[in-house]
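Subject: Handover of a two-chain model

Dear colleague,

Please find the structure below, followed by an account of what was found in it.

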Amino acid sequence: MIGALDIFAVALFFISFFGLITSRNIIKTIIFILTMQTSVIMFWLFIGSRTGTIPPIIDVGDIAYMYNLPAYADPLPQALMLTTIIIGICVVAINIIMLNTLFRKYKTTEWSNMAKLARKDHIEKY
Amino acid sequence: MDMLSETLLVTLLVIWVLCCVLILFERRIYRNIIYFGIFSLIASLCYLLLGAPDVAMAEAGISVFATIFFIVCIEKSYSRQGGAVREKSESMRRGRWIIKIAVPLVFSAGLFALFVRFMPDIPVNTYLKDQFLARFMTDVGGYNAVTAILLGYRVYDTLFEALILVVSVVAVAHMSWAEELSVPDGRHSEIENSNMAVFTMRIICPIILIFGAYLILNGHVAAGGGFLGGVAISTFFICRYYIYGIYDMPVKKVMRMEELVFIYFTLMAVLFVTLIGANIYLPSDFAEVYQHLYLIIMNTLIGLKVACGFFIIFYRYVTVERIEGELPAEEGGSQA
């Protein structure tokens with residue numbers, strides 16, 4: 001059953017991909033980068049929880065957990081995804097600071113307007 | 001997984017995908033950001049149902065920061081011009097929608113179909129999971145397997161992740177338009193705060209700080225750890241900024257402190273890898289004490305590092321990026 005749920009994460013990845021290449025506003029593009037990353041994290045956690053969904057935190061003094069190993073969720077994808085989340089927010093912070101700098105120069109947040117103004121700027125300069 | 005939580009998971013996933021479709025069709029940016037908050041909250045609940053409480057807490061904390069960054073970014077461009085200004089991009093010419101909408105739609109739908117058709121359906125290999133779960137208590141120590149992997153088996157991953165946070169802070173400080181690092185101390189912000197929110201935050205603020213310290217110090221025995229504690233502590237500083245509305249934080253000193261913490265963190269990790277968990281060279285009677293000490297020190301260093309990083313990024317946004325009128329305005333750009 002859990003294996004069949006992967007389709008949600010894959011579908012969300014491609015919906016975000018479609019939004020990424022068709023959205024006209026730059027802020028919306030940055031939001032779609034974040035949703036794409038969330039779908040990838042969800043896919044990994046689906047794979048890690050196919051055998052069991054108990055959190056991999058062992059009770060103090062619980063010796064019998066060794067005989068129940070398949071019921072626990074996989075801790076390795078969780079540890080990797082924890083670092084992925086922090087890296088994702090770093091990427092978004094850099095994106096937003098670049099957008100702010102560009103907004104101060106061109107006073108717009110639309111892709112097409114900004115491309116037109118940048119082209120005009122380039123032609124005037126050279 | 002029982003029937004009830006499975007039904008709940010499927011329902012949440014359907015709402016999750018619908019939220020993304022809503023973002024796709026909504027053109028007002030404030031609403032997009034609110035939909036993104038709902039999206040993150042539902043994703044966090046799903047992580048909890050899938051047995052990943054650490055990742056769920058990290059996602060919840062990070063969604064708060066992403067919302068704050070977006071709002072700080074757009075409030076200059078949208079709300080200061082008097083109400084929500086709808087930007088007009090050029091209307092689509094005849095036949096232009098084929099290139100702009102139809103071709104990407106066919107492209108992504110085709111990729112999706114290909115992925116679903118050829119997705120390998122092999123059973124999951126659980127060898128590493130069994131090894132990690134069976135041996136992490138003696139190898140690294142603690143009772144939380146995720147923290148044991150982060151700080152023991154894969155400590156180099158954590159090292160490079162902290163390096164990326166440093167790089168991001170440096171990029172944020174040097175890629176923006178302003179030359180100076182911070183504004184003069186004691187300058188008041190023009191934020192309009194309501195009494196009710198300030199009263200509530202004054203009560204919640206110390207509790208958030210204690211919660212962050214608890215998450216850091218208990219990271220090896222319960223769900224939590226350095227990342228989540230650091231995010232909670234930097235949330236405390238955001239609340240403090242909102243209550244007093246004054247820039248009196250020494251940002252340069254915090255930047256220097258972050259670099260120092262990173263150096264200590266690297267030294268500690270290298271020491272640990274050299275000693276391999278402190279149970280070879282050290283007397284084995286006290287192995288558990290050394291291991292717990294190592295885990296607590298590493299969690300504290302990571303927590304300080306993440307708190308400093310997010311603190312610097314947030315203050316950079318709200319202080320330097322919000323001040324206007326210090327650069328000569330570019331006249332060519334305003335005639336869109």
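Met81(A) touches Ile41(A), Trp44(A) and Leu45(A) of its own chain and Val55(B) of the other, leaving aside residues up to four places away in sequence; two residues are in contact if their C-beta atoms, placed from the backbone, lie within 7 Å. Met81(A) is found in helix H3 of chain A. Helices (DSSP H or I, at least four residues) and strands (DSSP E, at least two) are runs numbered from the N terminus. Met81(A) is classed as buried because 25 other C-beta atoms lie within 10 Å. Under the rule used here, 20 or more other C-beta atoms within 10 Å of a residue's own make it buried, 12 or fewer make it exposed, and a count in between makes it partly exposed, with C-beta atoms placed from the backbone. From the C-alpha atom of Met81(A) to that of Gln37(A), 44 residues apart along the chain, the separation is 10.0 Å.

Please note that this is a predicted model, in which local features need pLDDT of at least 70 and side-chain atom pairs count only at pLDDT 80 or more, while totals for chains, interfaces and linings use all residues. Residues are numbered from 1 along each chain as its sequence is written, and chains are lettered from A and ligands numbered from 1 in the order in which they are written.

Chain A

Chain A has 4 helices and 0 strands, giving the pattern α-α-α-α along the sequence. Its radius of gyration is 22 Å, whereas a compact globule of 126 residues would have one near 14 Å; the radius is taken over C-alpha atoms, and the globule rule is 2.2 Å times the number of residues to the power 0.38. Along the principal axes, the C-alpha atoms of chain A fill a box of roughly 75 × 30 × 20 Å. Of the 126 residues of chain A, 47% count as buried. Among chain A contacts between residues at least 6 apart in sequence, 56% join residues at least 24 apart.

Chain B

Chain B contains 11 helices and 2 strands, in the order α-α-α-α-α-α-α-β-α-α-β-α-α. Of its 336 residues, 35% count as buried. Among chain B contacts between residues at least 6 apart in sequence, 75% join residues at least 24 apart.

Chain B is divided into domain 1 (1-79) and domain 2 (132-324), with bounds that come from an automatic or database domain assignment. Between them, 12 residues of domain 1 are in contact with 15 residues of domain 2. The domain 1 side of that contact has 9 nonpolar, 1 polar and 2 charged residues. Here Ala, Val, Leu, Ile, Met, Phe, Trp, Tyr, Cys and Pro count as nonpolar, Asp, Glu, Lys and Arg as charged, and the others, Gly among them, as polar.

Within chain B, Phe132(B), Leu133(B), Phe136(B) and Asp139(B) of H5(B) meet Ala145(B), Ala148(B), Ile149(B), Gly152(B) and Tyr153(B) of H6(B). The residues of this contact divide into 7 nonpolar, 1 polar and 1 charged.

The interface between the chains

How many residues of each chain are in contact across the interface? On chain B there are 80, and on chain A 75. Several helices of chain B each supply at least two residues of its side, including helix H1 (3-25), helix H5 (127-139) and helix H11 (287-321). H3(B) gives the most, with 13 residues. By class, the chain B side has 54 nonpolar, 13 polar and 13 charged residues.

Two further residues take part in contacts between the chains. Ile57(A) lies in the loop between helix H2 (26-48) and helix H3 (75-106) of chain A, and is buried because 21 other C-beta atoms lie within 10 Å. Leaving aside residues up to four places away in sequence, Ile57(A) touches Tyr143(B), Asn144(B), Ala222(B) and Ala223(B). Ala134(B), in helix H5 of chain B, counts as partly exposed because it has 13 C-beta neighbours inside 10 Å. With the same exclusion along the sequence, Ala134(B) touches Met66(A) and Leu69(A). The C-alpha atoms of Leu69(A) and Ile57(A), 12 residues apart along the chain, are separated by 12 Å.

With kind regards
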